[in-house]
Structures are given as structure tokens and as C-alpha cells.
Amino acid sequence: YSMYFDNYWNDVQGNRDEVWTGKRNYLLTADSNIKLSFDVAYAEYGFPYSDTLAVLISADCGASWTEMYVKGGDELATAPDNGNPFVPSSSEWRHEEFLIDEYLYDGEIFEGEMIIAFQNRGRWGNIIYVDNINIELLAGVDENPVITSEISTYPNPAENQLNIALAHVQPGMYTIELINALGQVVESSAINHQSEDSRYIIDVSTLSSGMYELRVIGEDIQLVRSVIKK
């Protein structure tokens, strides 16, 4: 599964539509960076039908937006022109990543919420695919490097059981949540995390197939990862 904008069957005549991430709370200082990464796939239909993908950021709940990334036509394309509905092969994806803290941080501490928007500017061309969206907070490198808390899952996609591994997470009480594509919490459990590196299992056998957001929430931390249920 992946997100896509269908400009092949839909002629939006240059209008723009967007998919937003949920709000994320971040604290930025001079020693921290936020990296946005994602994969994109696109083939142009052919002249003069060409589409554009933009990525924007808002730090005021969507009242205003700043453009961080924009590519269209040949620059966006990851495959040759295609007069049929484009379905990418595994080799027809491109990885994109860049730091986004410069759009939030102006030399002072930034603490607040941000939203990322993936924006389609359609011109009746072909389908734009976006997948593997990740937002990572990177600690600054100094003489005493910070060890960042991490969450990993396997298998992904999962069919019956989802294994969750926490690394460098301080002991304490945490809540594990699974949120579906509608933003509904479909699974929630409390854990008493005893050591910095531990593993947990969630039964996902009764969940519908699709993409979910896994959250591990503590008093001073929230770890997020996308998972797929077969």
C-alpha cells in the first residue's frame, strides 16, 4: 500500500489537493535537527500533461504554510513517460530526504506543533505515489552525544502478531496505541517498561488489513512508527 494522487483519471485542472500528517510536538534548539524522508514514484503521461508534487509545513495548525519541496514533470519523474495508468516497479522509486528545522527554527528555541502536507498539483497527467514517510528528530553531535530512543517492529507487514522492540527508552509506564487511517485508536495497552531495551507483542489478528500508526507514549516521550497489517 502507498499514498497516491490519481491525475490519470481525474483532471483537476491545476487545482491543488493535499494529504496532511497528524500534528507532531517538537522541541528544537541549536543542537537538534528534524529530517523528513519519503519515497516517490511518478511517470509523466507525455507533453503537455504534467503534474507536480509539493511538500509544505505549518507551525500554526494549518493557518499558514511554507513550501519546502516542489518537483514536477521530468524533475519529479522516476520512470519513462507512460500513456497508461502508471504502476511503479520496485526500481521506479526515488528516496527523498532533507532537513526541515530551518523552516521552524530562527535561532530561538522552537516548541510547538507542526503539520506536514503533501500537495498534488494535477494537470491530467499520471499517478503520483508517495510512501515510507518518516519524520526523525536528530540529536546534535558533540563531545557527549545523545543516544536517541528508538522503536522498531517486525514483521512488517504483520499478520497475527506484531513484535515491538524499544531501545534506549527509560524505564517507566508507557501506553502502546495502534491508530487506523481514520485516526481511531483500535488497540491500546499499558506497559511497565523495566529496562532500556525490551520487546513486546501485540495481537493484530482481528484487525482489518491496511496501514496503522503505532505510538508508544510516555510522560516525556512519544515514539511513532508506521506498520502494515496483512
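Reader: Before we get going, what counts as a cavity here, and how many of 30 Å³ or more does a search of the whole structure find?
Author: A cavity is a set of grid points where a 1.4 Å probe fits but cannot get out. Keep in mind that this is a predicted model. With that definition, a search of the whole structure for cavities of 30 Å³ or more comes back with one.

Reader: How much space lies in the largest cavity?
Author: The residues lining the largest cavity are A158, L162, L178, V204, L207, Y212, V227, I228 and K229. The space they line comes to about 50 Å³.

Reader: Which strand gives the most to the lining of the largest cavity?
Author: The lining includes V227, I228 and K229. Strand β16 covers residues 222-229 and contributes three residues to the lining.

Reader: Moving to the surface, how much accessible area do Y45, Y49 and W124 have together?
Author: Y45 sits in the loop between β4 (32-42) and β5 (52-58). Y45, Y49 and W124 form a nonpolar patch on the surface, and their accessible area together is about 290 Å².

Reader: Is Y45 buried, partly exposed or exposed?
Author: The partly exposed class lies between under 20% (buried) and over 50% (exposed). Y45 has 36% relative accessibility, so Y45 counts as partly exposed.

Reader: And V40, is that one buried or exposed?
Author: V40 has its place in strand β4. V40 and I128 are 88 residues apart in sequence, yet 7.3 Å apart in space, C-alpha to C-alpha. The relative accessible area of V40 is 0%, so V40 is buried.

Reader: Now the charges: how many salt bridges does a search of the whole structure find?
Author: One of them pairs K71 with E96, at 2.9 Å from N to O. E96 also meets R94 in a salt bridge, at 3.0 Å. Searching the whole structure, the number of salt bridges is five.

Reader: How far apart are the closest N and O atoms in the salt bridge of K35 with E97?
Author: The cut-off for a salt bridge is within 4 Å. K35 and E97 form one, and their closest N and O atoms are 3.8 Å apart. This pair links distant parts of the chain, with K35 in strand β4 and E97 in strand β7 (residues 94-99), 62 residues apart. K35 counts as buried at 19% relative accessibility, E97 counts as partly exposed at 45%, and the N to O distance asked for is 3.8 Å.

Reader: Which residues do salt bridges with shared partners join into one network?
Author: K71 counts as buried at 19% relative accessibility, and E96 counts as buried at 10%. R94 is partly exposed, with a relative accessible area of 23%. The salt bridges share partners, and the one network they form is made of K71, R94 and E96.

Definitions and conventions. Residues are numbered from 1 along each chain as its sequence is written. This is a predicted model: local features need pLDDT of at least 70, side-chain atom pairs count only at pLDDT 80 or more; totals for chains, interfaces and linings use all residues. Side-chain values use heavy atoms; hydrogens and water are left out. On a 1 Å grid over the protein atoms alone, a cavity is a set of points where a 1.4 Å probe fits but cannot get out, and a pocket is an open set with protein on both sides within 12 Å along at least five of seven lines; lining residues have an atom within 4 Å of a point. Grid points are joined across faces, edges and corners, and a volume is the space filled by probe spheres set on the points. Helices (H or I, at least four residues) and strands (E, at least two) are DSSP runs, numbered from the N terminus. Patches are made of residues with over 30% relative accessible area and no salt bridge: like charges are joined within 9 Å, nonpolar side chains (Val, Leu, Ile, Met, Phe, Trp, Tyr) within 5 Å. Accessible areas come from the Shrake-Rupley method with a 1.4 Å probe; for residues, only the protein chains shown count as cover. A salt bridge is a side-chain nitrogen of Lys or Arg within 4 Å of a carboxyl oxygen of Asp or Glu. Buried means under 20% relative accessible area, exposed over 50%, partly exposed in between (1.4 Å probe, protein chains only).
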